[in-house]
Amino acid sequence: MGKLSVNFNGFELKNPILTASGTYGYANEFDEFIDVSKLGAIVTKAISLYPRAGNKHIRITETEAGMINSIGLENVGIEKFIETKIPELKQNNINYIMNVAGSTIDEYVQVAKKCENEKIKAIELNVSCPNVKSGCLEFGTDENSLYELVSSVRAVYSGFLIIKLTPNVTSIEKLGIAAEKAGANAVSAINTLKGTSINIELINGKYKKTIVQGGYSGKGIKPVAINAISRLYKVINIPIIGIGGIETLDDVLEFFAAGAQAVQIGTSNFTHPNTAERLVEELDEYINKNGFKSLDELKKELRA
Amino acid sequence: MKKIYKAKVNKIEKVSSSSYFIEIECENPVFVEAGQFISIYCNGLTLRRPFSVYSNNDGRIGILFKERGKGTKYIKSLKVGDDIDIAGPFGNSFDIKNKKSLLVGAGIGAAPISYLKTKLDNENIENCFISGFLNKNEIPKGMEIDKICTDDGSFGEKGSVLNYIGVIINEYKPEVIYACGPHIVLKIISELGEKYGIETQVAMEKVMACGIGVCRGCVIDIKKNGKIINATVCKDGPVFKGEEVVWEN
């Protein structure tokens with residue numbers, strides 16, 4: 001293993017730079033820009049039990065310091081993912097974490113069982129989906145429903161289980177603790193913030209408004225992510241994977257300082273499609289230049 | 001070849017009362033099919049801005065743009081010799097048929113159609129290029145157009161390009177129509193194509209994030225084998241068969 005490697009209880013990453021779900025496709029799509037196999041892992045687009053067509057209205061808009069998306073979890077479904085995308089991932093030697101979405105606990109469980117059968121090494125649960133059986137409250141905003149979801153998935157899946165926490169809660173600590181108690185191996189934080197953009201144009205004396213409501217991501221959310229990770233780091237013992245507006249090596253160091261063991265690059269993949277690869281190179285250079293023996297030593301210094 | 005380039009501005013000039021031409025030179029020549037687009041990183045903004053390619057002389061990439069917002073304001077501010085970060089080419093391209101071709105542009109949508117015309121001319125395919133603009137000052141300098149319409153009648157025929165398209169179809173009798181412009185223009189051309197039994201290919205536009213089909217931000221509905229499915233403008237398009245597009249009102 002190299003100096004940058006991260007070992008999460010047997011789930012190994014060659015470096016701590018990952019790409020966030022929904023920004024990187026399912027497999028090797030970014031090979032138009034970089035060598036994807038150089039990354040610690042990619043997190044796939046959210047996969048559900050059945051294919052989903054996603055939302056109809058306007059799906060993306062740029063905002064100050066980021067963007068809002070309302071894709072609606074469009075995806076090919078687990079069967080097609082297994083059939084067509086896993087071979088591509090294997091063939092290109094890409095380490096991956098499969099992101100899972102569902103609208104009932106049973107849907108998550110059925111997907112997790114398939115992941116178990118396929119020996120998928122790691123999955124990340126998107127728990128920001130509405131639970132249709134409890135008034136469409138999001139699983140990840142209520143500690144009891146999160147506990148129930150995570151323990152149900154844990155019961156059928158033996159691989160590395162990551163819970164992607166939503167920041168749209170009063171106390172993210174309670175959700176992190178619930179995930180850990182239910183048997184999660186790690187949490188990733190944060191998912192997008194709820195956001196709305198109203199674009200106003202005056203056309204022939206009348207206002208035309210274009211409203212996009214969805215998840216706000218990009219560099220504007222970085223302080224929210226750092227806050228969430230710092231708080232989680234104090235109360236949970238499982239690893240934290242940091243996400244939120246990362247663009248530069250300084251951002252990565254800031255996430256390590258807050259308590260993250262690894263990071264995911266999201267929106268920045270759209271702005272500069274080579275961001276993740278560049279960060280792997282810059283982190284490697286930084287560690288060597290400053291004489292750190294390992295990534296753990298760097299993290300320790302940053303947290304002292 | 002990875003599709004991201006550090007490039008330089010080779011030329012930038014105002015070519016009409018509201019549009020600009022910028023030519024970009026990459027380290028190595030980049031060759032582009034008609035209908036494909038590139039995306040430009042605009043200093044500090046999150047989303048790259050997509051532009052259809054207008055010219056491609058010796059592997060330099062030319063685009064036409066209007067100042068519409070923060071992104072195009074940045075591009076307009078560039079000077080010859082400045083660095084520019086571009087990615088592409090992305091998307092499919094016009095499926096060039098060796099048939100009598102009618103080319104229709106409207107406003108800035110004339111840019112990819114003009115590039116298509118140079119390709120057809122190179123292949124000696126008979127074609128007629130009609131384009132509409134608001135007024136004569138809006139016609140880009142140097143663009144070779146066979147028939148021009150202006151909304152105010154200050155040059156060529158008075159009125160929208162849509163007012164003439166029916167007449168031209170009847171007189172010119174094209175076997176294929178290629179078009180780019182506002183949604184309504186593409187919709188009506190597609191409907192006319194179906195009415196007269198003429199193949200239509202339309203280049204669409206939509207706000208994009210990734211440019212390679214992964215974020216699913218730019219999907220439209222299309223009809224395929226009797227089913228309505230999602231298609232990304234960036235990867236499955238930007239060129240679609242007119243009859244396949246489910247037109248929004």
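Buried means under 20% relative accessible area, exposed means over 50%, and partly exposed is in between, with a 1.4 Å probe and protein chains only. This is a predicted model, where local features need pLDDT of at least 70, side-chain atom pairs count only at pLDDT 80 or more, and totals for chains, interfaces and linings use all residues. Residues are numbered from 1 along each chain as its sequence is written, chains are lettered from A and ligands numbered from 1 in the order in which they are written, and side-chain values use heavy atoms, with hydrogens and water left out.

I start with B:Thr46. At a relative accessible area of 10%, B:Thr46 is buried. Its place is the loop between strand 3 (37-40) and strand 4 (49-52) of chain B; helices (H or I, at least four residues) and strands (E, at least two) are DSSP runs, numbered from the N terminus. Which residues does B:Thr46 touch, not counting residues up to four places away in sequence? They are A:Glu62, A:Ala65, A:Gly66, A:Met67, A:Thr267, A:Phe270 and A:Thr271, where contact means heavy atoms within 4.5 Å. The B:Thr46 side chain also reaches the backbone nitrogen of A:Gly66, at 3.2 Å.

One of those touched residues, A:Ala65, has a phi near 55°, which is positive in a residue other than glycine. A:Ala65 sits in the loop between strand 5 (60-63) and strand 6 (66-69) of chain A, and is partly exposed at 33% relative accessibility. B:Asp58 is not a glycine either and has a positive phi of about 50°. B:Asp58 is in the loop between strand 4 and strand 5 (61-66) of chain B and counts as exposed, at 62%.

Next, peptide bonds. Most residues other than glycine have a negative phi, and most peptide bonds are trans. The bond joining A:Ala189 and A:Ile190 is cis, with omega about 15°; A:Ile190 is in the loop between strand 12 (186-189) and strand 13 (193-203) of chain A. From B:Gly88 to B:Pro89 the bond is cis with omega near -5°, and B:Pro89 belongs to strand 6 (residues 83-90) of chain B.

Last, a helix pair. Helix 3 (residues 161-172) and helix 4 (residues 183-196) of chain B pack at about 20°, axes 11 Å apart; axes are lines fitted to C-alpha atoms over the stretch in contact, and angles run from 0 to 180 degrees between N-to-C directions. That makes helix 3 of chain B roughly parallel to helix 4 of chain B, the term for angles under 35 degrees. Residues making the contact include B:Ile165 and B:Ile169 of helix 3, and B:Ile188 and B:Leu192 of helix 4.

How values were computed:
Polar contact = N/O pair within 3.5 Å; in protein donor to acceptor, adjacent residues only side chain to side chain. Parallel < 35°, antiparallel > 145°, perpendicular 65-115°, else oblique.
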